[in-house]
Amino acid sequence: MNQPLVLAVERDERQLRSRRRLGRRPPLAVVAAGEAEGQQEGEGAGVDSAPMKVLLTGASGFVGRALQDELGHAGGAYEVHPLGRADGDLADDGVAEAAIAEARPDVIVHAAARIGVVRCDEEPELALRSNVLATTLVARAAAAHDARLAYLSTSDVYGPAVEADEATPPAPESLYALTKLWGEQASALSAPEGLTILRLANPYGPGVDAGQAKGAVPTMLRQADAGEPVPVFRGEARTFCWIGDVVRAIRLVLESGEEGVFNIGADGQAVALADVARLACELTGAPQELIEEVEPPPGRVMTRIATERVRALGWRPEVSLDEGMRLLLDELRAAAPA
C-alpha cells in the first residue's frame with residue numbers, strides 16, 4: 001500500500017470535512033505561472049464558484065494596501081471588505097465583532113498591527129493594544145462567526161536563530177516580536193480552526209507614507225535622493241522581499257486552504273545594510289560618503305528564513321533587490337511634491 005498517498009487522501013478528507021462543518025468552500029484552484037497560455041500567475045486563478053469573501057484589517061497600512069490590490073486583480077476570485085484606520089479601533093470593544101458580523105467573511109486576514117522594534121519600544125502600551133488586544137478580539141469574533149483567520153506575523157519572532165523554518169521555536173528578543181508572538185498565541189487560543197500564521201520577513205516597496213520611520217530601503221532611497229546622511233546599522237544584513245512578491249505569496253496560501261505557519265520572504269543570501277545604502281546612492285547619483293555606520297539598537301535580529309512550504313504552492317520571488325529599488329525610487333520620485 002502506498003502509505004504517503006493514503007495519508008495525503010486522509011488529510012484532504014479531514015480538511016474537506018472541516019470546511020463542510022464550518023460552511024466553508026473548498027480552496028480555489030491555483031494555476032502555476034506559465035501553465036496556462038496567456039494567463040499570468042499573478043492575475044489569480046479562474047474560478048467557477050462564488051468569490052471568496054475576505055475581511056482585510058489594516059487595509060490602510062503598507063502590506064494591507066498591497067494585498068487589497070493583489071486580491072482585487074485576481075479575476076473576481078475575491079470579494080474584499082477592507083477595514084482601515086478610519087473604520088475604528090479594533091482594540092475597542094465591539095468594533096471587530098460588528099465588522100465581522102456585517103461582512104460575514106469566509107476568511108479574515110488580520111494585517112492591522114503596530115510595526116517595528118523602535119516604534120513599539122517608544123509606545124509599549126500602543127504596541128500591546130494594537131498587536132495583542134486587537135488580535136484577541138478579532139480572533140474571538142472570527143471563531144464566533146465561523147470565519148477562518150489568517151494572521152500576519154513577523155519572522156522577528158525567531159529571535160537569534162541564524163536560520164529558521166516554520167518548526168524553529170520562537171525566541172523573541174524585542175517587545176515588537178514578543179507582541180506579535182502573543183498575537184499568534186491569542187489567535188491559536190481563540191480561533192484555532194483553520195488558523196494560518198504568515199511570518200513575513202522584511203517586505204519593502206511603495207506604499208510607506210512619507211516621513212514615517214518604517215522601512216530601511218525606502219528610507220535609504222529618500223535620504224540618498226535628498227543628499228542627506230544615510231545612517232545604517234553596523235554589521236547588519238537582511239534578505240529583503242518585494243511587496244508584490246509578498247502579497248502574491250499570501251494570496252496563494254489563502255487559495256490553498258492550508259493551515260499552520262508559513263514563512264514568507266526572500267530566502268537567499270542576506271545583503272549587508274551598508275551594501276543596500278551603497279546601491280541607494282548609486283541609483284540616486286548621491287556620493288557614497290553620505291553613508292554613516294551606527295550601532296544597532298538592542299533586539300534587532302538577522303534570521304534567514306526557509307520558505308520551502310510556500311514554494312511548494314508554486315511561489316517564487318520574482319523581483320530582485322536592485323530591480324525593486326529602481327522601481328521604488330521611480331515611485332518615490334513620482335509621489336514627491338513638485
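Trainee: With which residue does Asp-267 form a salt bridge?

Mentor: This is a predicted model, in which local features need pLDDT of at least 70 and side-chain atom pairs count only at pLDDT 80 or more, while totals for chains, interfaces and linings use all residues. Residues are numbered from 1 along each chain as its sequence is written, and side-chain values use heavy atoms, with hydrogens and water left out. A salt bridge here is a side-chain nitrogen of Lys or Arg within 4 Å of a carboxyl oxygen of Asp or Glu. For Asp-267 the closest N and O atoms of the pair are 3.0 Å apart, and the partner is Arg-311.

Trainee: How many residues apart in sequence are the parts that Asp-267 and Arg-311 tie together?

Mentor: Helices (H or I, at least four residues) and strands (E, at least two) are DSSP runs, numbered from the N terminus. Asp-267 lies in the loop between S11 and strand S12 (271-272), whereas Arg-311 belongs to helix H10 (residues 308-311), so the parts tied together are 44 residues apart.

Trainee: Is Glu-184, the partner of Arg-199 in a salt bridge, buried or exposed?

Mentor: The closest N and O atoms of Glu-184 and Arg-199 are 2.7 Å apart. The pair links helix H6 (residues 175-190), which holds Glu-184, with strand S6, which holds Arg-199. Buried means under 20% relative accessible area, exposed over 50%, and partly exposed in between (1.4 Å probe, protein chains only). Arg-199 has 5% and is buried; Glu-184, at 3%, is likewise buried.

Trainee: Why are Arg-326 and Asp-322 separated by about one helical turn?

Mentor: These two residues form a salt bridge whose closest N and O atoms are 3.7 Å apart. Arg-326 is partly exposed, with a relative accessible area of 41%, and Asp-322 is partly exposed at 33%. The separation is about one helical turn because the two residues are four apart in helix H11 (residues 321-335).

Trainee: With which side chain does Arg-114 make a polar contact of 2.4 Å?

Mentor: Arg-114 lies in the loop between strand S3 (107-110) and helix H4 (117-122), and it is buried, with a relative accessible area of 13%. A polar contact is a pair of N or O atoms within 3.5 Å; within protein, one must be able to donate a hydrogen and the other to accept it, and residues adjacent in sequence count only if both atoms are side-chain atoms. The side chain joined to Arg-114 in this way is that of Glu-123.

Trainee: What percentage of the 338 residues counts as buried?

Mentor: The protein has 11 helices and 14 strands. Under the 20% limit for burial, the share of its residues that counts as buried is 47%.
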